[in-house]
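This report looks at how the parts of one structure meet. Please keep the sequence and the 3D view at hand while reading.

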Amino acid sequence: MLLIHCPYCDETLPEPEFAYAGEAHIDRPADPQQLSDEEWRDFLFIRTNAKGPHYERWRHINGCARFFNAVRDTVSDKFLTTYKAGEARPDLAKLLEGQK
Amino acid sequence: MADAIEKVSPLHALAEPGRFGDTSGEPGVGLSERLCDSLVQVQAWPDSISALKKAVKSVTGASIKPGNAVATKGDVVLMSTGPGRWLVEDETDDLEVRLRKAIGADIGAVTALTHARTVVSISGERCEWVLASGIALDFSADAFPVGTAKLSHHHEIGLTIHRTGDQAFDLYVVTSMVRSFWGWIARASAEVGYTVS
């Protein structure tokens, strides 16, 4: 069973308690009216679709219900880390070093 | 003016008292239903958690404990259900009113859940085994000590689970889903034999 650590509950719990919520660290444009159609399209739909470590949002939907961020390897499905929403994205090199 | 609304069991005609499932030996678990007198959720803003804790203590006399430890004092039960959020239960009928007076909009939000949750209690030698057969938590006493509460779910039905004793759990189930949940827990208990009281 895939286990995920909720940074708010500080517990590692089974994946069915959680819901995937898309790529992380995507800022909503401050003034959408100033965007071209292409820029708005990019904001809404275009994602990195990474093969390997991916910054993404998850929600502890059947627990505290909070959104948080995670770094997950899309190849191995392994979570490198999870962290609270609003925190800066962690240094990927250090995370990968810690996996060795 | 009509009399006070009579509480009606959502498990009416489903959770009848008796002995069920395997009857070859002692029953493995006992099941029962409990309707709360008052159950209220309180939610603080990110910067008003300490103020909300003080307000809850002033109303209930019980102090919120850290983490998922459950605070109990008399008939008051305080359970954490997320950051800055707790369930408050007691046996009065005006808990919501008292909490609303103490917790203004500047401190947080108060939501009455008395009719929205039904407590299914399970106890007995095999209760850990029965719960573990359908809920993806570690129910061993080391991982889930007496006096703590955890959130989880059974399929899509959200649960707040309070371990009340070595062999006893209270499960707070969404009332509109509790008939479905009872169907599962009764079938899961049948293998070890169960009583309903």
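## Contact between the chains

Residues are said to be in contact when their heavy atoms lie within 4.5 Å. In this predicted model, the contact draws eleven residues from chain A and 13 residues from chain B. The size of an interface is often given as the accessible area lost when the parts come together. Between chain A and chain B, the buried area comes to about 880 Å², with 52% of it contributed by carbon and sulfur atoms.

One salt bridge is counted between chain A and chain B, and it joins the side chains of Glu11(A) and Lys150(B) at 3.2 Å, N to O. The side of chain A that touches chain B is made up of six nonpolar, two polar and three charged residues. Between the two chains, five residue pairs are in polar contact, both residues at pLDDT 80 or more.

## Domains of chain B

Chain B is assigned two parts, domain 1 (26-35 + 116-196) and domain 2 (38-112), and their C-alpha centres are 24 Å apart. Ten residues of domain 1 of chain B contact nine residues of domain 2 of chain B, and the two domains bury about 830 Å² between them, 63% of it on carbon and sulfur atoms.

Between these domains there is one salt bridge, formed by Glu89(B) and Arg34(B), whose closest N and O atoms are 2.5 Å apart, and four residue pairs are in polar contact, both residues at pLDDT 80 or more. On the side of domain 1 that touches domain 2, strand 9 (149-154) and strand 10 (157-165) of chain B each supply at least two residues, with strand 9 giving the most, three residues. By class, that side of domain 1 holds three nonpolar, four polar and three charged residues.

Conventions. Residues numbered from 1 in each chain as written. Chains lettered and ligands numbered in written order. Predicted model: local features only at pLDDT ≥ 70, side-chain atom pairs only at ≥ 80, totals over all residues. Heavy atoms only, no water. Buried area = accessible area lost by both parts, 1.4 Å probe. Salt bridge = Lys/Arg side-chain N within 4 Å of Asp/Glu carboxyl O. Polar contact = N/O pair within 3.5 Å; in protein donor to acceptor, adjacent residues only side chain to side chain. Nonpolar A, V, L, I, M, F, W, Y, C, P; charged D, E, K, R; others polar. Domains from an automatic or database assignment. Helix = DSSP H or I, 4+ residues; strand = E, 2+ residues; numbered from the N terminus.
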